Amino acid sequence: MKRFLIHTLAFLTIVLLSCLYVFMQADGHTDAFYVKFTTPKQQSLIVGSSRAAQGLQPQYIDSLLGDSSLYNYAFSRVHTPYGAPYLESIKKKLDTTSANGVFILEVNPWTVCNKIKDKTTTTEFWEESSFLGTVEQVTIHPNFYYLLNFYDGRNVEILTKKGGNFYGEDLYVHDNGWYQVRLVDNESRKQKRIKSSLNSYKRIKEEYVGLSKARMEYLRKTIEYLQNFGTVYLVRLPIQEEMLMIEDDLLPNFDTVIETLSNKMDILYINGTKQNLDYDYIDGHHLDIASGKAYSIVLANEIKKHNKR
């Protein structure tokens with residue numbers, strides 16, 4: 001019996017050490033979110049949906065604003081509509097020792113609208129049960145809680161998912177939080193992907209029922225909180241014209257709503273959809289890498305110009 005217990009303990013020790021080794025290898029290739037829960041607290045943040053996660057590249061904004069601290073803490077339409085869970089996660093990520101931060105809040109109709117099945121009172125949001133609402137530690141590596149509860153792949157893939165995948169995609173979250181999506185592409189594949197994305201969002205639109213007072217209230221609370229630590233900017237990223245039509249159908253007065261909020265909060269609203277035709281998209285609404293760089297520079301210059309007034 002004693003020998004059996006010794007062998008069992010030795011086996012369990014090997015298993016635990018193996019898991020620890022694998023988890024230590026988790027990095028920007030692991031998935032689109034993991035790294036964001038492993039980096040230190042940050043003084044300046046980009047927040048919003050996957051459009052911001054992929055489209056806003058902190059290094060180019062930093063270079064023009066004369067800073068080096070902007071961190072991309074944006075996630076996805078599904079996980080980070082504005083609400084109590086996102087605000088609490090932002091509070092955990094923010095380094096509150098500075099009052100000179102830059103905060104870029106990406107907004108679009110999906111981030112402030114009600115879904116038909118939403119629980120969006122001012123005290124209850126469906127995201128509370130997702131990683132956004134349950135990951136308490138957002139600055140540790142390895143982040144065991146996230147990997148054990150929210151990593152969807154097999155553990156061995158943490159070791160094997162390095163570089164491009166079978167589809168020729170190189171998906172990587174950089175240390176500054178930017179989610180790089182590099183595709184081996186051609187025009188035919190691109191057009192099929194755009195068509196598929198637009199059709200998908202036409203269906204997704206049917207799941208939504210208009211502006212959420214609760215989400216708008218939490219967008220306001222997020223702005224108000226971050227204003228204690230720096231300057232807040234609201235930004236709507238460029239999207240393809242067909243996607244804009246879908247969003248206009250979902251919430252025709254979106255820009256008016258955001259402009260009213262920005263005026264009330266005395267902050268700048270930069271609406272990139274006025275330059276939709278100037279950029280290229282991988283799927284109709286996510287900027288490709290070159291266009292993300294270009295728009296990040298445009299955005300930084302808009303901020304600089306505003307600050308000189």
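Me: Which strand gives the most to the lining of the second largest cavity?
Reply: That's strand β6, residues 179-183, which puts 3 residues into the lining. Keep in mind that this is a predicted model.

Me: OK, and which residues line that cavity altogether?
Reply: The lining is made of Gln54, Trp178, Tyr179, Gln180, Val181, Ile282, Leu287, Asp288 and Ile289.

Me: How do those divide into nonpolar, polar and charged?
Reply: You get 6 nonpolar, 2 polar and 1 charged.

Me: What volume does it have?
Reply: The second largest cavity comes to about 40 Å³, while the largest cavity has about 50 Å³.

Me: How many cavities of 30 Å³ or more are there?
Reply: The structure has 4 of them.

Me: Back to the largest one, what lines it?
Reply: Arg77, Val78, Pro81, Trp110, Cys113, Lys115, Asp118, Trp126, Tyr208 and Arg215 do. By class, that lining has 6 nonpolar residues and 4 charged ones, with no polar residues.

Me: Switching topic: how many helices and strands does the protein chain have?
Reply: There are 12 helices and 9 strands.

Me: And what share of the residues is buried?
Reply: Of the chain's 309 residues, 52% count as buried.

Me: Last one: of the contacts between residues at least 6 apart in sequence, how many join residues at least 24 apart?
Reply: In this chain, 81% of those contacts do.

Note on methods: Residues numbered from 1 in each chain as written. Predicted model: local features only at pLDDT ≥ 70, side-chain atom pairs only at ≥ 80, totals over all residues. Heavy atoms only, no water. 1 Å grid on protein atoms, 1.4 Å probe; cavity = no way out; pocket = protein on both sides within 12 Å on 5 of 7 lines; lining within 4 Å. Points joined across faces, edges and corners; volume = space filled by probe spheres on them. Nonpolar A, V, L, I, M, F, W, Y, C, P; charged D, E, K, R; others polar. Helix = DSSP H or I, 4+ residues; strand = E, 2+ residues; numbered from the N terminus. Buried < 20%, exposed > 50% of the residue type's maximum accessible area, 1.4 Å probe, protein only. Contact = heavy atoms within 4.5 Å.
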